[in-house]
Amino acid sequence: MTEDQLHRLSRKDLLEMMIAQEKEMETLKKELDEARKALKNREIAIDEAGSIAVAALQINGIFEAAQAASQQYIENIQKLNDRQSALCAERDADSKIRSERLLKETAEKCLAMEAETRRKCQSAEAESREKCEAMEAEAKERSEAYWKEVAQRLQSFYETHQELKKLLNFTADT
């Protein structure tokens, strides 16, 4: 920004710019302090270790921690998998038991329904047999009554004609 542009800014804008620069400076100071601390820690590690290789190994303790964390993660995943497998096996066993129970109940209901149907069929059959026997007996009675009437009419007809025959035979003899 040029000097003319700075002169044209209001006090408020200037204060805001200064506050923003202050924050930026604080952030940079913090980053610088952290970098100095990290450098100091590395220098201390190098001084204490006696060699760069040992210092690198100590600094790389991060990798060992990461390896341990990943190993722990894998173990937790395996435990979770084992629990899920056990839960699935348990649910599968429960499902088999339930389905067997339902099949058994269904078979029992079918047997009961079949027995009830047989009983009803036998009852209907017996009732039908009784109706048939009653109808047969009634038909026999009607038939016997009819034949009795026919026999009576024939007898009456015969007797009537017998008298006529006698008359005809009597006149033919004379």
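Lys-96 is partly exposed, with a relative accessible area of 48%. Here, buried means under 20% relative accessible area, exposed means over 50%, and partly exposed lies in between, using a 1.4 Å probe and protein chains only. I start with that residue and its partner, then go to the rest of the chain.

First, the ground rules. This is a predicted model, in which local features need pLDDT of at least 70 and side-chain atom pairs count only at pLDDT 80 or more, while totals for chains, interfaces and linings use all residues. Residues are numbered from 1 along each chain as its sequence is written, and side-chain values use heavy atoms, with hydrogens and water left out.

Back to Lys-96. Its side chain meets that of Asp-92 in a salt bridge, 3.7 Å from N to O. The term stands for a side-chain nitrogen of Lys or Arg within 4 Å of a carboxyl oxygen of Asp or Glu. Side chains of opposite charge can pair when their charged atoms come close. Asp-92 and Lys-96 are separated by about one helical turn, because they are four residues apart in helix α4. Asp-92 counts as partly exposed, at 40% relative accessibility.

How many salt bridges does the structure hold? There are nine. Another one joins Lys-140 and Glu-136, at 4.0 Å from N to O. These two also lie in helix α4, four residues apart, about one turn of the helix. Lys-140 is partly exposed at 48%, and Glu-136 is partly exposed at 47%.

Glu-149 and Arg-153 form a salt bridge as well, with the closest N and O atoms 2.8 Å apart. Being four residues apart in helix α4, they too are separated by about one helical turn. Glu-149 is partly exposed, with a relative accessible area of 37%, whereas Arg-153 counts as exposed at 57%. There is also a network of salt bridges that links Glu-116, Arg-119 and Lys-120.

Now the overall layout. The protein chain has four helices and zero strands, where helices (H or I, at least four residues) and strands (E, at least two) are DSSP runs numbered from the N terminus. Helix α4 covers residues 61–173 and includes Thr-117. The side chain of Thr-117 reaches the backbone oxygen of Met-113 at 2.8 Å. Thr-117 itself is partly exposed, at 44%.

What share of the 174 residues counts as buried? The figure is 2%. The chain exposes about 16400 Å², and carbon and sulfur atoms supply 57% of that. Areas come from the Shrake-Rupley method with a 1.4 Å probe, and for residues only the protein chains shown count as cover.

On the cysteines: a search of the whole structure finds zero disulfides, a disulfide being a pair of cysteine sulfur atoms within 2.5 Å. Cys-110 is partly exposed at 44%, and Cys-132 is partly exposed at 45%.

The aromatic count comes to one pair. Tyr-146 and Trp-147 form that pair, edge-to-face, 5.8 Å centre to centre and with 70° between the planes. By the rule, rings of Phe, Tyr and Trp (its six-membered ring) pair if their centres lie within 6.5 Å; planes under 30 degrees apart are stacked, over 60 edge-to-face, and the rest tilted. Tyr-146 is exposed at 53%, and Trp-147 is exposed at 54%.

Last, helix α2, residues 11–49, where Met-18 is found. Met-18 is exposed, at 55%.

Terms used
Polar contact = N/O pair within 3.5 Å; in protein donor to acceptor, adjacent residues only side chain to side chain.
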